Amino acid sequence: MIPGTLVDLRRAEKSDLPLLTAWSGDVEVNGEFESFGQLSLSQMEKEFEADKDECWYMVCDKAGVPVGSVAHGTCGGGCWIGYQLVPEARGRGLGTEAVTLITDYLFLHKDIVRIQAETHPANAASRRVLEKVGFTFEGLIRKSFFSRGAWRDTAMHSLLREEWGGPRLLPVGYQG
Ligand SMILES: CC(C)(COP(=O)(O)OP(=O)(O)OC[C@H]1O[C@@H](n2cnc3c(N)ncnc32)[C@H](O)[C@@H]1OP(=O)(O)O)[C@@H](O)C(=O)NCCC(=O)NCCS
């Protein structure tokens, strides 16, 4: 468990997969800008078990109810992150806290030099979250993914370890 004040992040379990599968194909949950797929539960289970590099977390409110998800994986000397909240949970600072928590956790627990996040250039909410957590916009990755009938650019953001400045929400010696 990665504890916050508004939300906690807990590792996704096999029992979360029906919910994650439903979210993965839900246009409302993925929002206006993210791509979405039509994965079956068994495909999701295969991905969950096969990909040892990728970690999935449930973003839970303080009552323990899942309201979104966060994922990370490795790329080069760093990690990538991705995140989403159900529409009802948005606009209350939960997204900023979830990204702050995973950022603290990754820099505290992994010998990485950077964390990166790609988002649609017009995704103002996601870009503002990244800006608030201290990420810098690096540039556009042109035609980097196919979604909703078109090749789309993504905006690459990163936070270097030396820019991070230590944990904001987790205690320095956090061992979770
Ligand atoms: C991106 C997302 C996680 C943001 O979570 P959230 O909890 O709503 O964000 P917060 O409440 O922490 O808000 C963070 C900032 O963004 C701003 N913001 C939120 N929604 C916004 C919008 N639609 N347009 C512009 N700014 C917005 C907030 O005002 C706040 O900035 P401020 O503190 O300067 O006022 C959420 O919108 C989401 O899940 N979207 C769909 C999936 C998605 O796009 N994921 C990102 C993939 S890269």
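What follows covers the overall fold and then the ligand's surroundings. Keep in mind that this is a predicted model. The protein has six helices and eight strands, and its ligand sits in the largest pocket.

**Overall fold**

- Starting at the N terminus, the elements go β-β-α-α-α-β-β-β-α-β-α-β-β-α.
- The C-alpha trace spans about 40 × 35 × 35 Å along its principal axes.
- A compact globule of 176 residues would have a radius of gyration near 16 Å, and the protein's own value of 16 Å agrees with that.

**Who surrounds the ligand**

- The shell around the ligand is made of 22 residues, and the closest are Leu-85, Gly-93, Gly-95, Thr-96 and Lys-132.
- By type, that shell splits into seven nonpolar, nine polar and six charged residues.
- H5 gives the most, with six residues.

**Backbone contacts and burial**

- A polar backbone atom of Leu-85 is 2.7 Å from an oxygen atom of the ligand.
- For Gly-93, a backbone N or O atom also lies 2.7 Å from a ligand oxygen.
- At Gly-95, the distance from a polar backbone atom to an oxygen atom of the ligand is 2.8 Å.
- On its own the ligand would expose 940 Å², and the protein buries 71% of that.

Key
Residues numbered from 1 in each chain as written. Predicted model: local features only at pLDDT ≥ 70, side-chain atom pairs only at ≥ 80, totals over all residues. Heavy atoms only, no water. Near = heavy atom within 4 Å. Polar contact = N/O pair within 3.5 Å; in protein donor to acceptor, adjacent residues only side chain to side chain. Areas by Shrake-Rupley, 256 points an atom, 1.4 Å probe, with all protein chains shown as cover. 1 Å grid on protein atoms, 1.4 Å probe; cavity = no way out; pocket = protein on both sides within 12 Å on 5 of 7 lines; lining within 4 Å. Sits in = over half its atoms within 2 Å of the grid points. Helix = DSSP H or I, 4+ residues; strand = E, 2+ residues; numbered from the N terminus. Nonpolar A, V, L, I, M, F, W, Y, C, P; charged D, E, K, R; others polar. Rg over C-alpha atoms; globule rule 2.2 N^0.38 Å.
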